[in-house]
Amino acid sequence: MSFDISLILDSLPKMLSGIGLTFQLLILSGVLGLLLAFVLLLMRLTEKWYFSVPAQVFIYVFRGTPILVQIFIIYYGLPQFEAIRESIFWPILREPFGCAILALTLNTGAYVSEILRGAVLAVDRGLLEAGSALGLSRSQRFIYITSPLAIRLGIPPYSNDVISLLKSTALASTITIFDMMGIARTIVAETYAPYEIFISLAIIYMIFTFFIQKGFGYFENFMSRHIKK
Amino acid sequence: MASLLLMVIFGLIGAAAKLSNSIIAKKIANAYTIIFRGTPEILVVLLIYFGSAIALTSLFQLFDPSIKYVDVPPFWAGTFAIALIVGSYATETFRGAFLGVEPGSIEAARALGLSNLQTFVYIRIPEMWRIALPSFGNHMLSLVKDTALISIIGLNELLFVAEQATATTGKPFTMFIVVGLIYLGISTVITLFVMGLEAYGRSHLRAAK
């Protein structure tokens, strides 16, 4: 067994050409997932059962099943129905890219809304009482008191979720998307050199993880600048 | 199940190494958690499956050059890979939980003349277990969900069987929904089980009636 450096140098540019797709997956589904999570959060925070129960069921289902199964249901499963193939969503669902975005969005939305809920519930009750004593309305309290504090509390767990989203994007390679992982798998199938290719890809992913962590670390520092000593 | 056991072992070893005084052990454990938490699960599964086949082949060829190729059973490759990944998460959980054990209890054990090993088994593990349980339950759930990844290397598990059934019946949605429901059932059972364990772990803290 030998470690072929020139092979790594050859295949690195090929793998890096998949970065764009990996980032598109990450950012699109990250942003859409955050929006979805926010909607789910508001649905759960209302006291109306016809809002909160569907949100709970959604979160329960998407957190209880593997993301790979979700991707397969959406990509292979949905076209089973005539209605979907004729609906206006077909142009999105026909493409593996659209399916991957949809699956990752729904999945990360479910996880992130739990994070947000935890952060909102962790905000000190006394502050909210002070707010209402000052005559702020419910929505004013949510915007001016709960949100800034909850954002700060939610950053560490949210950064973990972004990292696991990055790792989930690698699963898109199973439905014929040529992101970094998909390209790496093709190269391995051609050269049969799993060590060189997969280890160098692992290092690329680790570098990304590192930067995401650092970025969120700075953001957290910025958000908690008033409690620094 | 096999990977659950392996994962607990990896997690405990990792946590012990991170907390030990030896710098080398700490460095190794840190590298372990950084590597496996920073790379996609699917990558690790593929690397271990294809990689170990090559490594073992060349190892066996040292002894017997006539061997052309050693096939690694996907079950063990998958089990090992998933245990390594979730074990790296469990390492962090256990480390946090060990730090959460009150120093007073450990000092009390010293005062009673318990050895280091006895303190570890009778004092630290039971106390840290209670602290670690909620996040440990989450690790069990992600372990169950990660098993779906093994279908990629062709093991006859749920998802792989569903793919085959799809090929014969032509009804992918039905098949994958069934798989989803089975996973949902398993994770519900685990959640309930962990909740029960947590209640049991707290039983001595409940107020007497």
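This is a predicted model: local features need pLDDT of at least 70, side-chain atom pairs count only at pLDDT 80 or more; totals for chains, interfaces and linings use all residues.
Residues are numbered from 1 along each chain as its sequence is written, with chains lettered from A and ligands numbered from 1 in the order in which they are written.

Back to our pair. The axes of H2 (residues 19–45) and H9 (residues 138–169) of chain A come within 9 Å and cross at roughly 135°, with angles running from 0 to 180 degrees between N-to-C directions. On the H2(A) side, Thr22(A), Leu25(A), Leu26(A), Ser29(A) and Gly30(A) meet Val162(A), Leu165(A), Leu166(A) and Thr169(A) of H9(A); contact here has C-beta atoms, placed from the backbone, within 7 Å. By class, that makes five nonpolar, four polar and no charged residues.

Now the whole chain. Chain A has 11 helices and zero strands, where helices are DSSP runs (H or I) of at least four residues and strands (E) of at least two. Its C-alpha atoms fill a box of roughly 70 × 55 × 25 Å along the principal axes.

Finally, the partner chain. Here 28 residues of chain A are in contact with 31 residues of chain B. H11(A) gives the most to chain A's side, with eight residues, and that side divides into 21 nonpolar, six polar and one charged.

Key. Two residues are in contact if their C-beta atoms, placed from the backbone, lie within 7 Å. Ala, Val, Leu, Ile, Met, Phe, Trp, Tyr, Cys and Pro count as nonpolar, Asp, Glu, Lys and Arg as charged, and the others, Gly among them, as polar.
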